[in-house]
Amino acid sequence: MQTISFYPESREFHLSNDRISYFINVMKNGQIGHLYFGKKIRERDSFAHFMQLKTCSHTSYLYDDDLTMSLDIARQEYPGYGTTDYRYPAFRIEQENGSSISNFIYQSHHIFSGKKKLEGLPAVYAEKDDECTTLEITLEDSLMQASLILSYTVFDRYDAVMRSVRFVNHGNQQLKLTNAQSMAVDLFDSDFEMLQLDGAWSRERHVHTRKLVSGIQSVDSMRGHSSAEHNPFIALKRPETTEFQGDAYGFALVYSGNFLAQVEVSRFEHARVLLGINPLEFAWTLNPGDSFQTPEAVLVFSDSGLNGMSQIFHSLFNERLVRGPWRGKDRPVLINNWEGTYFNFNDEKILSIAEKAKEFGVELFVLDDGWFGRRDDASSSLGDWYSDKNKLVDGVEGLSRKITSIGLKFGLWFEPEMVNRDSELFRAHPDWAIATPGRSMSHGRNQYCLDFSRDEVVDCIYEMMEKVLRNSDISYVKWDMNRDITEAYGAKLGSGRQGEFFHRYMLGVYRLYEKLITAFPDILFESCASGGARFDAGMLYYAPQAWASDDTDAVERLKIQYGSSMAYPVSSIGAHVSAVPNHQLNRITSLSTRANTAFFGAFGYELDPDKLSEEEKAEIKEQVAFFKKYRHVFQYGTFYRLISPFEHNGNTSWMAVSEDRKTAVFAYYKVLATPNPKANKVRLKGLDPEAVYVCSRAGEEYYGDELMNMGFLPDLEYTGSRVRNPAVKFKNSGTDIGDFTSQLYVLERK
Ligand code: DGJ
């Protein structure tokens, strides 16, 4: 059961559930201190002794009579700069006299059941008031006449603390907020490794780990979206922490724009974690009466290693971030025409793809880029969201009905935030494209970003999209975003408010999502940004799944999906089987390996069925039938990473286990074959130790404890002759020999 208690004597707040504790206090100077975050510990009235303020040489003190009270030494919850603390602060407020010195002192607090919504922003939500408790602490700077409201929510079921901050100006002067992090926490020591998810287009969310060292280490985005380069998520793990053992802290920002995730190791080796909007280019004017709400940060703790941490994120995001009818629901098997046709299609081609896909058992057809305006390549028409009737005789409206009459659902691609110079929209509103007065406009893929900080722009795009969605038979939308923002400038913001641009842009994106979801609550949204450049917790609130990467190569996907799973649930990871040679790498992998990788995701195909052999078609039919049978286990089972592609020559293994532990799907991927190989053993996880499991490989039986301790032996690699296990029954199990191969087995409790 979650609780938040206030101890008036010690002025401490203790937040906990059955597994974690988070303790903070009102320090002597009235600011908020950090005592502890980690595994649940026994309650007592005070942990003040743990604060351990001390006298030290060469520091500055707050009080004449107290040579211990220095913010330089104190571990804090939401620190400012300039009053004895020299570390990077969580916020900065410029006042009319030019000073940014502040002193926010505890005024009051409020503990209540449930969790408030964050106006205009994505956030974890409570379904029932009694499932979580929230603490709001109001701090006041009397000189500035401003307050900070620090918000903390703790759930019964999830080992996480949700934090955000609200700034309120209730004085008479104008204030300028130039840094407003969503959270800060000063962990007691710095004996951690920082895990981050980085990459580039086509190789998103690769796992990198570095030991914390003195000073600042950070990842960020300044691209106007969360980016393929860095993800708004970091973890801190102990050096000895593994996938399944040891302490791991995860910090995820529920936000899709410019961000900063930073850890600073101080001279006393405290580790200050900051997470929030990137302060670079950020400045928010607070006129008298105004307030500013930061995005939300999710802080997770697990003592069961990185896998334990990921499982907390998975269930929290699946159950209390994803909303609407798609929450917890199996995702449709789709076919997307992008890699199959690119821009080159017409009704006939699309219907031919859809008909074949229907025979495979696919459930949803997605028409990608190229159906609108006069778009035959990437040079025109973004912004003209109406059907190109030269390509599609009855428009998408007619096509959608033809597809649904075949028995498939119909989905459609949009790139709402963009415009091409060659478009009716640009000709009518050239000033809607983001541009800095007097400067040239840089383009990306021939396109420009629309100024989504302006309501009239968002409303106009909404009206166009609404019309298409209303007049067609559409159950899925893929929302793409294919460039970084440059020459950022809000034409309507005025000279004093340009620092608000990036955040207002994001608020515009969220507003459009919200309007569409409200009008079309049953549509399944998939977010996308040149693949996985906006794959973050903010997006999941609106779009329950995200296209993980334009890289559809099965081997590259192992790294991308493995990395994504650090914070994001399998149900959210868009994963497709595409043609070979692969369009991004020219690599050839077998159809079964491609499917065995994509099964662990929001599964689908992205190829031209007309180019498949009869044998391949038959295999795809089998794959779809197999996937449907175990779809819920793949997408919502407890996910275990068993072998990391970043550590073992690329070889990878993972598995998912149903909630009742009756069914497990296990996969082993061999990237490069080894001559005269050793036998591999993989220790499985999450099974019922007492139960007998029957394996789909050859119907052999194992005890759960045997598989989890002694291990499971996948098929031997190729050893110079094509001799292999003759008992193999299922195509997806060990049919391949050589490089880029895989084995996938189902274990059913007897
Ligand atoms: C980038 C996306 O990631 C692709 O899947 C595809 O939709 C293209 N854009 C279309 O332009």
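A crossing of two helices is called right-handed if the near helix is turned clockwise from the far one by less than a right angle, and left-handed if anticlockwise. The tour uses that term at two stops. The model on screen is predicted.

**Whole chain**

Start with everything shown. The protein chain holds 12 helices and 36 strands.

**Helices α3 and α4**

Select residues 347–360, helix α3, together with residues 395–406, helix α4. Their axes come within 10 Å and cross at roughly 20°. Angles under 35 degrees count as roughly parallel, and α3 and α4 are therefore roughly parallel to each other. Look along the crossing: α3 passes α4 in a right-handed manner.

Now show side chains. On α3, the contact is made by Asp347, Ile350, Leu351, Ala354, Glu355 and Lys358. On α4, Leu399, Lys402, Ile403 and Ile406 take part. Colour this contact by class and you will find 6 nonpolar and 4 charged residues, with no polar ones.

**The barrel**

Next, select the strands β21, β22, β23, β26, β27, β28, β29 and β30. In that order, these 8 strands close into a barrel with parallel pairing. Neighbouring strands of the sheet are turned by 30° against each other on average, direction ignored.

Which residue of β27 is the bridge partner of Tyr476? Click on Leu524, which is that partner.

**Helices α10 and α11**

Finish with residues 591–598, helix α10, and residues 614–636, helix α11. How are these two helices placed against each other? The axes come within 11 Å and cross at roughly 25°, so α10 and α11 are roughly parallel to each other. The crossing of α10 past α11 is right-handed.

Side chains to display on α10 are Leu591, Ser592 and Ala595, which meet Glu616, Glu619, Ile620 and Gln623 of α11. By class, this contact has 3 nonpolar, 2 polar and 2 charged residues.

How values were computed: Residues are numbered from 1 along each chain as its sequence is written. This is a predicted model: local features need pLDDT of at least 70, side-chain atom pairs count only at pLDDT 80 or more; totals for chains, interfaces and linings use all residues. Side-chain values use heavy atoms; hydrogens and water are left out. Two strands pair if DSSP finds at least two bridges between them. Helices (H or I, at least four residues) and strands (E, at least two) are DSSP runs, numbered from the N terminus. Axes are lines fitted to C-alpha atoms, for helices over the stretch in contact, and angles run from 0 to 180 degrees between N-to-C directions. Angles under 35 degrees count as roughly parallel, over 145 as roughly antiparallel, 65 to 115 as roughly perpendicular and the rest as oblique. Contact means heavy atoms within 4.5 Å. Ala, Val, Leu, Ile, Met, Phe, Trp, Tyr, Cys and Pro count as nonpolar, Asp, Glu, Lys and Arg as charged, and the others, Gly among them, as polar.
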